[in-house]
Structure formats: C-alpha cells, structure tokens
Amino acid sequence: MALADPASCAKGSEDSNPFPDIIELNVGGQVYITRHPTLVSVPGSLLWEMFTQKNARSLARDSKGRFFVDRDGFLFRYILDYMRDQQLVLPEHFPERGRLQREAEYFMLPELVKLLVPKLSQQNSLGDDPCQSDPEEPSPGADAARGLSPAAAALPGAASTEGRRAGFITIGYRGSYTLGRDSQTDAKFRRVARIMVCGKTSLAKEVFGDTLNESRDPDRPPERYTSRYYLKFTFLEQAFDKLADAGFHMVACNSTGTCAFAHEQTDDRIWTSYTEYVFYRE
C-alpha cells in the first residue's frame, strides 16, 4: 500500500485550498501583496473565480512566480481597496473615474460599478474635458467674462483671454545629436527622448489636453503643482505651438550639455543636453 505524503498529512484539511494565505500579484507591472481572503471576499467576482479554483497552476504567472493579471496596475489599488471592505474611497478631483468603472466591470464587481456610475454622470459637465481648469475655484475675471454683452463676446479673444489663469509652465527635455567632421551633423540631428512638463496641474491639462501623459502622477488635484508629467509626442516645436495657442510666452531658458566621442577612430562627437524653457501667461 502506498504511503501518504508527509506534507499532505501535516496540512490536513488545508489541502482543499491550493493557495497560500499571503498572495503576490503582478497587475500590469505593479506588484501587490494581499491576503487570500481579501481576493475571495466578493463571491462571483473575477478574483473570486480565479482564487477559489482547485488548480492554481492554471493561472498565469510572471517570471518570479507571482500571479499575473493583464490590467491597469495603477487603478487596481482602488479595486483591491474595495475588495477589503466593500467601500469606495477616491481622492479629490479623481480624473479617471470612467476608466475605473471599466476596470470594475472587468473584475465583475457590480456594486462598485453602481457606486461609480452616479458620480460619473454628475461630473459629465465638469470632468470629461481633460483641458478644463479646476471648476471649484473660478479664475479671476471669469465672472466679468460671463457678463460680456453678445457684441463684446463676438470680438476675437474678448472672452477667451478674460477667463484664462495666469501662471508658469516649464518644458524640459533631454536631447542628443552627433557632430562629425567639418561640423556636419548626421541625419538624426536631434533625438528627444521625452518632453517633461512642470507646473500647475490645471494649466498643464488646459494646454496639452489628451497629449499629456499623467501616468506617473495620476491623482494630482488641479491646484497642486507637479514635475512628473510628460508629453506623448517628442516634437519640441509642437509643445511650443500649443503653448503659443494658449497665450503663453517664453520668458527664460537654460541648458547644460556634455560631449563624448562617438568612436575612438573618428572625430565624431555626441552632444547630450538637458534644456528647460519657462513660459508665462499673464
């Protein structure tokens, strides 16, 4: 007669649960550590289905053995918070309620979807436009702009300039180019890896709209400052055009640079620079 596995004898009734009490998750590249009861706290949800099955080997894992879920890693923290106590707590001026609702639908959390839908409908007139400034604190002169007569409002720039906020926006970028013999630059003259945006959140969203990448600082309120936004494009002049269209003017700039030889056998040199441009709107 075959002998029983000593490990299985020690576990006893725990064999019915193939998952450990502490579980590591990799959600879209973001690592979360939580308890197994938290993941199965909402019966019928996707996480409940995943972590109540008998065969844990059927679930996808990353290279380090963590359970992998191919969803938005930043928004999953709100999903996990809800799984802990079935309550929705979001930061003020949360800009991604619509995306969070989509995540709640994917993870099959109908009660969370209900909590998100009413607030989403209330904010449609305020929060759908990513270029809009903070609606709770009207800018100086906004009331005067609303009171303009139809004839005055028809004048070019009459109402558009009155409601604009003054402020600074700083554009920074790292670029490089190769300088060869006879001061001839190669075809890849300027390589711009990323254009950074620093300033007040509301101004940055107003100017750059959907071209602004907020993934590194997603919950920043409109009246707070950030230096972690960057643009989805790499054409510096495109950023300048958007700032000019919004009424900003360059008031200062600075740059630092380093030089290194591209090849020991040639005179080609690679220049790498970091440059910042400061824009202001009255």
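How many bridges join strand 1 to strand 2, and do these strands run parallel or antiparallel? Six bridges join the two strands, which run antiparallel. The legends below describe close-up views of this predicted model.

View 1. Three strands make up an open sheet with mixed pairing, arranged in the order 2-1-3. Strand 2 (30–35) and strand 3 (67–69) are the edge strands, each pairing on one side only. From one strand to the next, the twist averages 30°. Strands of a sheet pair through backbone hydrogen bonds, in either a parallel or an antiparallel manner.

**View 2. The hairpin of strand 1 and strand 2.** The antiparallel pairing of strand 1 with strand 2 comprises six bridges. Within this pairing, Leu25 has Tyr32 of strand 2 as its bridge partner. Two residues lie between the strands of the hairpin, where Gly28 adopts a positive phi near 60°. The backbone nitrogen of Gly29 is found 2.9 Å from a polar atom of the Asn26 side chain.

**View 3. The parallel pairing of strand 1 with strand 3.** Strand 1 and strand 3 run parallel and are joined by three bridges. Phe68 in strand 3 is the bridge partner of Asn26, and Val69 in strand 3 stands opposite Val27.

View 4. Asn26 belongs to strand 1, which spans residues 22–27. Its relative accessibility is 9%, and Asn26 therefore counts as buried, the cut-off being under 20%. When neighbours within four places in sequence are left aside, the residues in contact with Asn26 are Asp62, Arg66, Phe67, Phe68 and Val69. One of these, Phe68, is also the bridge partner of Asn26 in strand 3. A polar atom of the Asn26 side chain lies 2.9 Å from the backbone nitrogen of Gly29.

**View 5. Helix 4 against the sheet.** Helix 4 (residues 76–85) packs on the sheet and touches strand 1 and strand 2. The direction of helix 4 makes about 5° with that of strand 2. Buried residues in helix 4 are Phe76, Tyr78, Ile79, Leu80, Tyr82 and Met83.

Methods. Residues are numbered from 1 along each chain as its sequence is written. This is a predicted model: local features need pLDDT of at least 70, side-chain atom pairs count only at pLDDT 80 or more; totals for chains, interfaces and linings use all residues. Side-chain values use heavy atoms; hydrogens and water are left out. Helices (H or I, at least four residues) and strands (E, at least two) are DSSP runs, numbered from the N terminus. Buried means under 20% relative accessible area, exposed over 50%, partly exposed in between (1.4 Å probe, protein chains only). A polar contact is a pair of N or O atoms within 3.5 Å; within protein, one must be able to donate a hydrogen and the other to accept it, and residues adjacent in sequence count only if both atoms are side-chain atoms. Contact means heavy atoms within 4.5 Å. Two strands pair if DSSP finds at least two bridges between them. Axes are lines fitted to C-alpha atoms, for helices over the stretch in contact, and angles run from 0 to 180 degrees between N-to-C directions.
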